Amino acid sequence: MKFQYIKLAAFSMLTLFTVSCSSDDDSNAEVIDGTFGEVELFFDNSVAGDALVLGSTYTNSNGESLTIDRFNYIVSNVVLINAAGEEVVYPKEESYFVVSEENDLKTVHLENFPAGDYKKIKFGIGVDAQRYLQGETAQQSFWDLATANDLTWTWSTGYRFINFEGTYTGHHITDATPFRMHQGSNSATDNYREVTLDLPSTGRVRENETPSIHFVVDLNVLLDGDTKISLHDNINDAGTATSIMGGANLVTIAENSKKMFEVHHVHNASGHTHE
């Protein structure tokens, strides 16, 4: 196995949960124009098929063993798409969210969403330039939330879209060495990316029915995806730490991140399912 970590009970529970959800996708309740409901997004962080547990160690195909201490990121600009291909956009001013493994922020609620039957979801990873250029006052509340979850630099340098930190060892380095991977835009490149995913079953938004869209998020692809990045190849001259915060690596990581998300299942039910 590429990753040698015992799968945890959380994923067994996920399997049981999925089976229990399968029978509730048969409703044909009519869509009533002009009505609204809620949408729930749940982000289940993982590493190449294993549940992410902070402080645990995972070995990637580069032969580097990562002990992960932090994994936080920004999800934004959510859009649901119906069978006709029509996009329903969640209001931009309300469409910026933090997912944090260390602070147990994994569920996003979209309120007052137009009723409908939805087949796809689209969202951004990070904060788009248009929103950032609206200025600090326009986004103060979200800026404060992002800051509390270590997802900002200074205002002049903006947001960290992804904050991934820990220590590692490898073929060329035997002592646990700190690494930091902070993905964001900079003066040279716009590293905001968008993802569009099919839903495996219809997400039904009704006044009394809430679809919970359950994502499995594989952080392994950031460094070990279509294009691989070695932490050791980016170690500082003193050989004491690796920091990836700019340059061509961030463009590569931004592209890798587009394959980080998969919709595992959709659970349609009254009320929220991941509280």
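Author: Let's start with Glu255, which is partly exposed at 37% relative accessibility. Keep in mind that this is a predicted model, with a chain average pLDDT of 90 and 88% of the residues scoring at least 70.

Glu255 lies in helix H5, which covers residues 248-257. The buried residues of H5 are Leu250, Ile253, Ala254, Asn256 and Ser257. Looking down the axis of H5, you'd find those buried residues within an arc of 160 degrees, so they line one face of the helix. There's a handy rule behind that kind of pattern: an α-helix has 3.6 residues a turn, so residues three or four places apart point the same way.

Now, what does Glu255 hold on to? Its side chain meets that of Arg193 in a salt bridge, 2.6 Å from N to O. Arg193 sits in strand S11 (residues 193-205) and Glu255 in H5, so this pair ties together parts that are 62 residues apart in sequence.

For another, take Asp128 and Lys92, whose side chains meet at 2.9 Å, N to O. That pair also links distant parts of the chain, 36 residues apart. Here Asp128 is buried at 9% relative accessibility, while Lys92 is partly exposed at 22%.

How values were computed:
Residues numbered from 1 in each chain as written. Predicted model: local features only at pLDDT ≥ 70, side-chain atom pairs only at ≥ 80, totals over all residues. Heavy atoms only, no water. Buried < 20%, exposed > 50% of the residue type's maximum accessible area, 1.4 Å probe, protein only. Helix = DSSP H or I, 4+ residues; strand = E, 2+ residues; numbered from the N terminus. Arc of directions from axis to C-beta. pLDDT = per-residue confidence, 0-100. Salt bridge = Lys/Arg side-chain N within 4 Å of Asp/Glu carboxyl O.
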